[in-house]
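Hi,

Here is the structure I promised to pass on to you.

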Amino acid sequence: MPETVVDVLVVGGGVIGLTSAWFLSQKGLKVAVLDKGQPGMGASWAGAGIIPPGNFSKGITPNDKLRGRGAYLHPFLHQELLEKTGQDNGYRVCGGLEFFFDGRGPSRDRIDGWEKEGVNFQINGSIGCSPYINLNLTTNSSAVCFPSMAQVRNPRHLRALNNAANLSGVAIYPQRTISKLVNNGDRIISILTENGDKFHPEKVLFATGAWTGLWDPVLLGLDTKIQPVRGQMIQFDCPESINWPIIEVGKRYMVPRGDGVLLVGSTEELAGFDSNTTPEGLDELLAFTRSMVPCLANRPPEKSWAGLRPWSPRGIPFIGPLPGCSNAFINAGHFRWGLQFSPAAAEISTAQIVGQSLNWINMKSFDPVNPPPFEESILFMS
Ligand SMILES: Cc1cc2nc3c(=O)[nH]c(=O)nc-3n(C[C@H](O)[C@H](O)[C@H](O)COP(=O)(O)OP(=O)(O)OC[C@H]3O[C@@H](n4cnc5c(N)ncnc54)[C@H](O)[C@@H]3O)c2cc1C
């Protein structure tokens with residue numbers, strides 16, 4: 001039975017686990033990542049990679065702070081990944097337009113929120129900011145333009161993270177399902193997998209995304225109630241979209257990759273752990289696309305897929321030490337925002353594991369058991 005001694009064992013190789021592993025290795029720690037499947041092929045691979053603007057020093061809710069810090073860190077992460085691996089993760093500031101078709105535009109609360117946060121936005125600066133788009137707009141439509149909205153290309157980002165972590169000495173183990181945790185008092189001393197591997201970690205970070213709620217009460221003694229929320233996506237070959245910004249309408253969006261690939265998403269469904277697309281889901285996305293983009297009226301999609309977002313009913317992710325365990329941490333439940341949050345969320349886990357504090361966030365903001373009260377304790381599912 002192969003035995004591996006590490007400073008930190010990260011369980012789950014999505015964007016949260018891989019970013020954390022890479023950051024931890026940069027602190028000089030010996031790190032391993034194990035995944036029950038292929039690392040980087042969960043929700044993180046399936047997502048659209050939208051990185052909305054934010055401001056971590058002025059953000060009000062904990063999620064605003066993660067978004068703002070994520071928006072700030074992504075350009076640096078892009079550069080570091082490029083230098084380390086030679087791979088471009090597709091980060092670019094492409095701008096975004098959020099459309100409203102109800103004749104009213106954004107609510108006063110949202111406008112106040114953007115102003116307080118110092119987000120750069122222009123109401124009805126919209127159409128002028130993207131003269132290239134040929135959209136079906138009614139007289140009732142208005143739009144808000146976010147010039148600093150950005151994106152990453154998920155598969156490229158995941159590949160670059162995986163390679164950067166590897167090059168920094170992180171050992172990555174695919175197809176490893178945990179069979180047993182061995183405790184000594186309040187510490188996890190060994191983790192066994194079904195393949196017969198035995199890991200002896202000094203510390204453990206659980207970053208198991210939508211699957212966390214499957215096993216957390218049993219193995220972790222913490223009931224996160226994290227559930228999978230399926231999101232379906234379609235992809236078009238659309239050379240017309242090369243210069244488009246990201247387009248958002250409610251929970252639907254179009255993300256132009258800048259080379260003629262156009263992603264359209266996404267549905268929000270409680271369907272257990274089924275990550276297949278459905279005819280109904282794809283029809284909804286097709287109808288949305290065709291109502292917005294006349295040039296795609298008769299063009300079939302090139303591809304479609306689905307992924308499982310880790311929905312945390314409490315509205316904020318779980319980032320912090322596990323109760324009753326002195327050497328284990330969790331970082332999960334990022335729902336629709338895991339890509340944008342990932343550098344900030346990994347920064348928090350890294351600081352907690354090495355015993356440092358951060359000056360931009362209260363380290364207890366996402367405490368697994370007792371986060372401080374905040375305004376945003378609403379359910380995000382509607
Ligand atoms: C269609 C869609 C569009 C999205 N668009 C965006 C977007 O535009 N912007 C944005 O910021 N976010 C977006 N998201 C959300 C984002 O993708 C997720 O929040 C993020 O990927 C979660 O990352 P994760 O690492 O927690 O989960 P995952 O990427 O799912 O990784 C979890 C990993 O843990 C592994 N695992 C689970 N259980 C175990 C176990 N017991 N043992 C070992 N390994 C285990 C899994 O195999 C998996 O590889 C989107 C999601 C979807 C589905």
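**What I found**

The protein has 9 helices and 19 strands; helices (H or I, at least four residues) and strands (E, at least two) are DSSP runs, numbered from the N terminus. With a radius of gyration of 21 Å, close to the 21 Å that the globule rule gives for 382 residues, the protein is as compact as a globular protein of that length. That radius is taken over C-alpha atoms, and the globule rule is 2.2 Å times the number of residues to the power 0.38.

Before you go further: this is a predicted model, where local features need pLDDT of at least 70, side-chain atom pairs count only at pLDDT 80 or more, and totals for chains, interfaces and linings use all residues. Residues are numbered from 1 along each chain as its sequence is written.

**Overall picture**

The C-alpha atoms fill a box of roughly 65 × 40 × 40 Å along the principal axes. Of the 382 residues, 46% count as buried (20 or more other C-beta atoms within 10 Å of the residue's own; 12 or fewer is exposed, in between is partly exposed; C-beta atoms are placed from the backbone). If you take contacts between residues at least 6 apart in sequence, 73% of them join residues at least 24 apart (a contact means C-beta atoms, placed from the backbone, within 7 Å).

Where they touch, domain 1 puts in 26 residues and domain 2 puts in 23. On the domain 1 side, H2 and helix H7 (212-220) are the elements giving two or more residues, and H2 gives the most, with 3.

**The ligand**

What surrounds the ligand? A shell of 42 residues, the closest being Gly14, Gly42, Gly209, Gly231 and Gly338 (near means a C-beta atom, placed from the backbone, within 6 Å). Helix H1 (15-26), helix H2 (43-46), strand S13 (227-237), strand S17 (303-311) and helix H9 (338-354) each supply at least two. By class, the shell has 19 nonpolar, 19 polar and 4 charged residues (Ala, Val, Leu, Ile, Met, Phe, Trp, Tyr, Cys and Pro are nonpolar, Asp, Glu, Lys and Arg charged, the others, Gly among them, polar).

Strands S14 (246-249) and S15 (252-256) pair antiparallel over 3 bridges (pairing needs at least two DSSP bridges). Glu248 has Tyr253 as its bridge partner, and Gly250 in this hairpin takes a positive phi near 60°. S15 also runs antiparallel to S16, joined by 4 bridges, with Val255 opposite Leu263. In that turn, Gly258 has a positive phi of about 95°.

A cis peptide bond joins Gly265 and Ser266, with omega about -20°. Ser266 sits in the loop between S16 (261-265) and helix H8 (279-292).

Which residues other than glycine have a positive phi? Gln175 is one of them, near 50°, and Phe335 is another, near 40°. Gln175 counts as partly exposed, with 13 C-beta neighbours inside 10 Å, while Phe335 has 23 and counts as buried.

Cheers

Conventions: Contact = placed C-beta atoms within 7 Å.
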